[in-house]
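Student: Hi! Could you walk me through this structure while I have it open on my screen?

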Amino acid sequence: MTYHVEAFTPVEAALLERFVTNLDQPVFALTNLPEVVKGALFARYSRSPKSVRRLLLDEFIGDATTGIADIADEEGIVATEKAQGLYQRVFVEYGDDSVAQLGGVHLACEQASNVLTKILEWGRLAAYLEQSTRYIFYDQKLGDRYRYHVPAEIDGAGLGETFRSQMDWLFDRYADMVGVLVPHFEERFPKEPGDPAVVWRATIRAKACDTIRGLLPAATTSNVGIYATGQAYEMAIMRMMASPLAEVRTYGQMMLTELRKVVPAFMTRVDKPERGGRWSEYLSANVTAMQALADRLDVDPAPRPEVTLVEWDPDAELKLVAAALYAVSELPDDQLLDLARGMSDEERTEVIRTYIGDRSNRRHKPGRALERSFYRFDVLSDYGAFRDLQRHRMLTIEWQRLTTRHGYDLPEELVGSSLEPVWREAMERSADLYEQVRSALGPDVAQYVVPFAYNIRYMMQMNAREAFHLIELRTQPAGHPAYRRVAQEMHRLIRDEAHHHAIADAMAFVDYSSVELERLESERRTEAKRQATT
């Protein structure tokens, strides 16, 4: 396959080599340019017949009117401050949001409470990596205290000493359980002869971490790495500025300060009273108004199972047949729907099976026809499981505040052991403090007190395509038992309550097996890959 190769003079080529990864291929990356310049360049790209390389030469570097005729320094780095005038011109000419979507930043967000991390990870269009409670023991202190956040509101209400005492007690018990469970699991699951020691130790650590993570309170701090566009950060910070929690507002301001050091032009609207300020006020006012309406309901929650299938499309499989045939036919959608109605069950099943195809592994995702149907689940699981399931941001997820009023989970490994009374004491002490803080400061601040073992209510609405991804992934044997159970029940409800047998049966990689040492096979595969690359 051949492509046109642009011609550049020796001088142009020497200049371009600083900023693009090649001069003669149709695919290349931009380098040594601030994010604001990349965004402006691509925005101009959308309205010009020129290539990016030619635009960079003619309109960004070579044109003195842009204000960056001399932006290339001796190292070939474009100075951010000299690009601001250019951005502002493109910002006005081509539209603010389209430009703000074209520049991204890697941002490290450390020592954030587990209340804050869920707010940081709200946005769909961003990438997140969070410190895992599965691989890290939280028995070591950071400075002079364990890794937990003390909310300013709690200190302000005179509850700081009580809060710190309970947090230290919880983390002390966590450290005690680490000391008990690691040797217990080492004895219960001795290293198999063929396994490297590193595989066995990692598996034992994960087993111990998984068992006791429920002791960790929502105040536990974590580190989150984020990669997002300027627009995604802008929206996140405006949401954070509307939060009732001091930690969230303060952290939002810190993020804004740091982002302005690297993409200042993308952050111009965030704290303008007539722009971002008004947006944050709108969000805050809506939440306040809705809370007032909810407070008037005065109804206690009725008992529910862990997972409830609240709503689904009864014609999902019929519509799936029509959607599957759409791209490969020349018929309109409504005519295909009529044809699907006239098919027998066997004929519709054949279409669905053919459309799904022969998937050799769960990463082979079926097509968008499955987005025609939907499922809405109400879930009441422990907060630890929610933290994992909340990562599926492409579906619709809403969650309620953390509370101790929905009960808590007791790990199966602790039932009947000497650690069970300690666990129950931890939950009871936390519930007492929760009610104390809630009475003084309200339900938002009281969330920090709640351990991961307590249940949280949340809603997950997804189409069938996302259900494939979530259910097959989250039922794998390496997963935590709490969220495996939720995902397995979702699959059962799709099959047995919605009666979508063809869809449920096509989820070939749903795993109902029972495992005792969840991470063993995964650690074996990881070690094999590691050995193969050395």
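Tutor: Happy to; we can start with the overall build, then look at rings, the core and some helices. Keep in mind that this is a predicted model.

Student: Good to know. How many helices and strands does the protein have?
Tutor: There are 22 helices and seven strands. The C-alpha trace spans about 80 × 70 × 60 Å along its principal axes.

Student: And what share of the residues count as buried?
Tutor: Of the 534 residues, 48% count as buried. The accessible surface comes to about 26,300 Å², and 52% of that belongs to carbon and sulfur atoms. As for contacts between residues at least 6 apart in sequence, 75% join residues at least 24 apart.

Student: Let's go to the rings. How many aromatic pairs are there in the whole structure?
Tutor: A search of the whole structure turns up twelve. One to look at is Tyr146 with Phe171: the ring centres are 5.2 Å apart and the planes meet at 15°, so this pair is stacked.

Student: Where do those two sit in the chain?
Tutor: Tyr146 is in the loop between strand S2 (126–130) and helix H7 (152–156), while Phe171 belongs to helix H8 (residues 160–188). They are 25 residues apart, and the pair links distant parts of the chain.

Student: Is Tyr146 buried or exposed? And what about Phe171, buried or exposed?
Tutor: Tyr146 is buried, with a relative accessible area of 8%. Phe171 is buried as well, at 1%.

Student: What about Tyr408 and Tyr454, how are their planes set?
Tutor: That aromatic pair is edge-to-face, with 70° between the planes and 5.4 Å centre to centre. Tyr408 lies in the loop between strand S6 (396–399) and helix H17 (420–441), and Tyr454 in the loop between helix H18 (443–446) and strand S7 (455–463), so the pair ties together parts that are 46 residues apart in sequence. Tyr408 counts as partly exposed at 25% relative accessibility, whereas Tyr454 counts as buried at 3%.

Student: Which rings link into a cluster?
Tutor: Trp122, Tyr383, Phe386, Trp399, Phe452 and Tyr458 are joined into one through ring pairs.

Student: And which rings have an arginine over them?
Tutor: Two to look at: Arg53 lies over the face of Phe28, 3.8 Å from the ring centre, and the charged end of Arg147 sits over the ring of Tyr138, 4.7 Å from its centre.

Student: Now the core. Which residues touch the most other members of the largest nonpolar core?
Tutor: Phe163, Phe377 and Met490, out of 143 residues in that core. The largest share of the core, eleven residues, comes from H8. As background, nonpolar side chains tend to be buried together in soluble globular proteins.

Student: What is Phe163 in contact with?
Tutor: Leaving aside neighbours within four places in sequence, the contacts of Phe163 include Tyr148, His149, Pro151, Ala219, Leu433 and Tyr448.

Student: There's also Phe185. Where is that one found?
Tutor: Phe185 is in helix H8 and counts as buried at 0% relative accessibility. Beyond neighbours within four places in sequence, Phe185 is in contact with Ile204, Lys207, Ala208, Thr211 and Glu413.

Student: Switching topic: how many residues of helix H19 are buried?
Tutor: Eight of its eleven, and H19 (residues 464–474) is mostly covered. Among the buried ones are Ala464, Phe468, Leu470 and Ile471, together with Glu466, Glu472 and Arg474.

Student: What do they pack against?
Tutor: The buried residues of H19 pack against helix H15 (345–356), strand S5 (374–382), helix H16 (383–389), S7, helix H20 (481–496) and helix H21 (501–506). At the start of H19, a side-chain oxygen of Asn463 also comes to within 3.1 Å of the backbone nitrogen of Arg465.

Student: And what covers the buried residues of H13?
Tutor: The cover includes helix H14 (333–342), H15 and H21. Among the buried residues of H13 (residues 316–326) are Glu317, Leu318, Leu320 and Val321.

Student: Last one: is Asp210 buried or exposed?
Tutor: Asp210 is buried, with a relative accessible area of 8%, and its place is in helix H9 (residues 197–212). Setting aside neighbours within four places in sequence, Asp210 is in contact with Arg134 and His480.

Technical notes. Residues numbered from 1 in each chain as written. Heavy atoms only, no water. Phe/Tyr/Trp six-rings, centres within 6.5 Å; stacked < 30°, edge-to-face > 60°. Helix = DSSP H or I, 4+ residues; strand = E, 2+ residues; numbered from the N terminus. Buried < 20%, exposed > 50% of the residue type's maximum accessible area, 1.4 Å probe, protein only. Lys NZ or Arg CZ within 6 Å of the ring centre and 35° of its normal. Core = buried A, V, L, I, M, F, W, Y, C linked by side-chain atoms within 4.5 Å. Contact = heavy atoms within 4.5 Å. Polar contact = N/O pair within 3.5 Å; in protein donor to acceptor, adjacent residues only side chain to side chain. Areas by Shrake-Rupley, 256 points an atom, 1.4 Å probe, with all protein chains shown as cover.
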